[in-house]
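Hi,

Here is the structure I promised to pass on. Have a look at it first, then read my notes below.

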Amino acid sequence: NLQAHDRRHEERATKEEMHVDSQQPVGQNGCAERAFLATAALLAPICWASGAPIARALLSTAQPLPSSALVASRFAVSALVLAPLLAVDMRKRTKGEEFATEGLFRAAAELAFYLFVGNALVTESLRACGAGHAEFVVNAAKAVAVPSLAYLVGIRVSKATWSGAAGVMAGLTLLTGAQGAGGATLADVGLLLAALCFSAHTQRMSVHAAKFDALPLTVTKLSMVAVMAVTASLARGDGSAISSAVASKEVLLLLFLSGAISVAGGMMFQATAQRNVGAAESQIIYATQPVWAALYAWAALGETMGGQEILGGAVILLSSALSSAWDAKDSEA
């Protein structure tokens with residue numbers, strides 16, 4: 001009995017030592033993981049922001065693509081860019097490390113629908129408004145819609161997130177005020193509807209990203225969007241317009257940049273970040289997108305940036321940074 005008692009005592013002590021020893025690395029890994037996820041969440045809007053200026057440039061070419069064809073081309077390119085990476089990743093995986101596939105196609109189809117409709121609405125609206133204005137309307141609506149959707153489905157939204165959303169709205173108001181936005185137009189209605197689609201996508205992404213690996217989910221989703229857009233484009237009789245447009249090297253380059261950077265890069269970073277970061281918290285970081293879009297539009301399209309726009313951008317970045325820091329502090333408490 002004494003030997004059995006001593007053996008149990010030694011086993012318990014060993015387990016306690018292992019538990020103590022494991023705590024420090026876990027804490028360090030936790031900080032590193034938070035930093036990695038925050039970086040991925042920030043890189044997503046930086047990639048997305050390039051989409052509107054590139055789309056605006058594509059629509060300004062001598063033979064502009066129809067909106068449905070433009071959406072189809074961007075997502076087809078993005079799927080083609082990521083497909084080889086998926087093939088390599090699948091080849092490296094050993095038995096027992098396969099991707100989770102049950103429910104993958106259903107999840108990807110849901111996300112693809114939101115993206116297809118949202119992008120089609122934005123692309124059509126860009127024919128009647130500037131890239132900076134489009135970024136404002138969409139992101140202002142998302143800043144409110146995403147945390148509101150999370151709250152409505154019973155997800156707790158922190159005070160830091162609500163405060164960050166308020167700061168983002170203030171910054172966006174400064175941005176759009178500097179651009180002299182007038183009354184609501186039909187293009188604004190389309191942009192608001194697009195924002196609702198993107199908000200639903202962000203909310204549902206948090207659910208699906210926790211279940212599936214980022215790469216297969218992203219590739220499947222983007223492929224489905226491409227199929228939807230190609231079908232819609234062919235149904236509208238855009239075949240001849242596509243053939244004429246893609247004959248231009250300028251159009252091909254812009255399509256590649258849009259698909260590879262704006263779509264593929266942005267979606268991969270989003271799927272990675274939202275594996276462990278909620279939709280509402282992520283959206284505060286994603287809300288920096290109009291700041292990067294304004295910089296892209298200034299650098300590539302020659303759109304001007306005044307003092308009020310610079311102030312608005314600074315308010316957005318500061319609000320996002322403070323909200324993320326507040327959330328990180330609360331999670332450590």
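Before you go on, a word on the ground rules. This is a predicted model, where local features need pLDDT of at least 70 and side-chain atom pairs count only at pLDDT 80 or more, while totals for chains, interfaces and linings use all residues. Residues are numbered from 1 along each chain as its sequence is written, and side-chain values use heavy atoms, with hydrogens and water left out.

Now the overall build. The chain has 13 helices and zero strands (both are DSSP runs numbered from the N terminus: H or I with at least four residues for helices, E with at least two for strands). Of the 333 residues in the chain, 46% are buried (buried means under 20% relative accessible area, exposed over 50%, partly exposed in between, with a 1.4 Å probe and protein chains only). If you take contacts between residues at least 6 apart in sequence, 90% of them join residues at least 24 apart (contact means heavy atoms within 4.5 Å).

Just after H8 comes Gly-237, with a positive phi of about 75 degrees.

A cavity is a set of points, on a 1 Å grid over the protein atoms alone, where a 1.4 Å probe fits but cannot get out; lining residues have an atom within 4 Å of a point. Grid points are joined across faces, edges and corners, and a volume is the space filled by probe spheres set on the points. The largest cavity holds about 410 Å³. Its lining has 24 residues, and Trp-48, Arg-74, Asn-119, Phe-198 and Gln-289 lie nearest the centre. Helices that each supply at least two lining residues include H3 (67-92), H4 (104-125) and H7 (186-209).

Those three helices also hold some residues I looked at one by one:

- Ser-73 is in helix H3. It counts as buried because its relative accessible area is 14%. Beyond its neighbours within four places in sequence, Ser-73 is in contact with Leu-65 and Leu-255.
- Glu-110 sits in helix H4 and is partly exposed, at 23% relative accessibility. Glu-110 and His-208 are 98 residues apart in sequence but 10.0 Å apart in space, C-alpha to C-alpha. Leaving out neighbours within four places, Glu-110 is in contact with Arg-204 and His-208.
- Gln-203 belongs to helix H7 and is buried, at 9%. Not counting residues up to four places away in sequence, Gln-203 touches several others, among them Val-146, Leu-149 and Ala-279.

Cheers

Key: On a 1 Å grid over the protein atoms alone, a cavity is a set of points where a 1.4 Å probe fits but cannot get out, and a pocket is an open set with protein on both sides within 12 Å along at least five of seven lines; lining residues have an atom within 4 Å of a point.
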